[in-house]
Amino acid sequence: MRDFFKGIRMFGRGLGILARSPRLLLIGALPALLTTVLLIGGIVALAFWIDDLSLLITPFADDWSPGWRTTIRVAVGVAVFGAVLVIAMIGFTAITLAVGGPFYEHIAEKVEDDLGGVPGAVDLSGWRLLVMGLKDGLALVLRSLLFTIPLLIAGFIPVVGQTVVPVLLALVTAWFLALELIAVPFYRRGMGLKQRRLLLRRHRALALGLGLPVSLLCLIPFAALIVMPVGFVGGVLVAREVLADDMA
């Protein structure tokens, strides 16, 4: 629990750092704004077409009685919409960091310079950050499906689906978000997804302490414009913490 609350405090420190530097906050908000507009458009389109999508997925229910047919199609629609929301949450971070790679690399450099710098930091071009961010983001989204799909199915279990499953979904989302939020500091050190995943496993509670407030606050409409850059700066702090512990 100590590491969990330490992760939350690092998120708070990220807010304090950006509050003292509104320019960095604005730079970090621009990619989040673009991604927010794109994802909201996609979610609205999904909500509009969800009935047709449920019909497409459940042709086997065409001959069922009206009550059972409606029940299964509503359940499928809810499950699909819920899955898309979870994937969108994880994918949001991946897309934001990929599209805004140069912006976040600039923020990471400024923050880490104030904290002592990064000896031998790798010089990353915008295109390289974009490719690395999209590649790692896709890998994390696919990996997250291994957890989210079974949990969404378990959500239909009475009592457990309304109590335990939402908590587990929140923790899974927080974990994968944390992996995304610490990406750029690792890139600047020439380290990829495999290294940061292995290191963060040793500090799982710290990662959850960072990722959980980010994932919950991003559920508030347009809060991501502030939460994402704050979470990213918190990710820089967490990355430095786990890297320093690994070298100790």
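**A nonpolar patch and a salt-bridge network**

Modeller: In this predicted model, a nonpolar surface patch is formed by Ile157, Val159, Val160, Val164, Val167, Leu168 and Leu171, which together have about 540 Å² of accessible area. One of these residues, Val160, belongs to helix α6, residues 160-181. Val160 has a relative accessibility of 38% and therefore counts as partly exposed.

Glu105, Glu112, Arg188, Arg189 and Arg240 are joined in a network of salt bridges; the whole structure has 6 salt bridges. In one of them, Glu105 pairs with Arg188, with 3.3 Å between the closest N and O atoms. Glu105 is in helix α4 (residues 101-114), whereas Arg188 is in the loop between α7 (183-187) and α8 (193-201), so this pair ties together parts 83 residues apart in sequence. Both partners are buried.

Arg188 also forms a salt bridge with Glu112, at 2.9 Å from N to O. Arg188 is buried because its relative accessible area is 5%, under the 20% limit. For Glu112 the value is 0%, so Glu112 is buried as well.

Glu112 in turn meets Arg189 in a salt bridge of 2.6 Å, N to O. Here Glu112 in helix α4 and Arg189 in the loop between α7 and α8 are 77 residues apart. Arg189, with a relative accessible area of 25%, is partly exposed.

Key
Residues numbered from 1 in each chain as written. Predicted model: local features only at pLDDT ≥ 70, side-chain atom pairs only at ≥ 80, totals over all residues. Heavy atoms only, no water. Patch = residues over 30% accessible without salt bridge, like charges linked within 9 Å, V, L, I, M, F, W, Y side chains within 5 Å. Areas by Shrake-Rupley, 256 points an atom, 1.4 Å probe, with all protein chains shown as cover. Salt bridge = Lys/Arg side-chain N within 4 Å of Asp/Glu carboxyl O. Helix = DSSP H or I, 4+ residues; strand = E, 2+ residues; numbered from the N terminus. Buried < 20%, exposed > 50% of the residue type's maximum accessible area, 1.4 Å probe, protein only.
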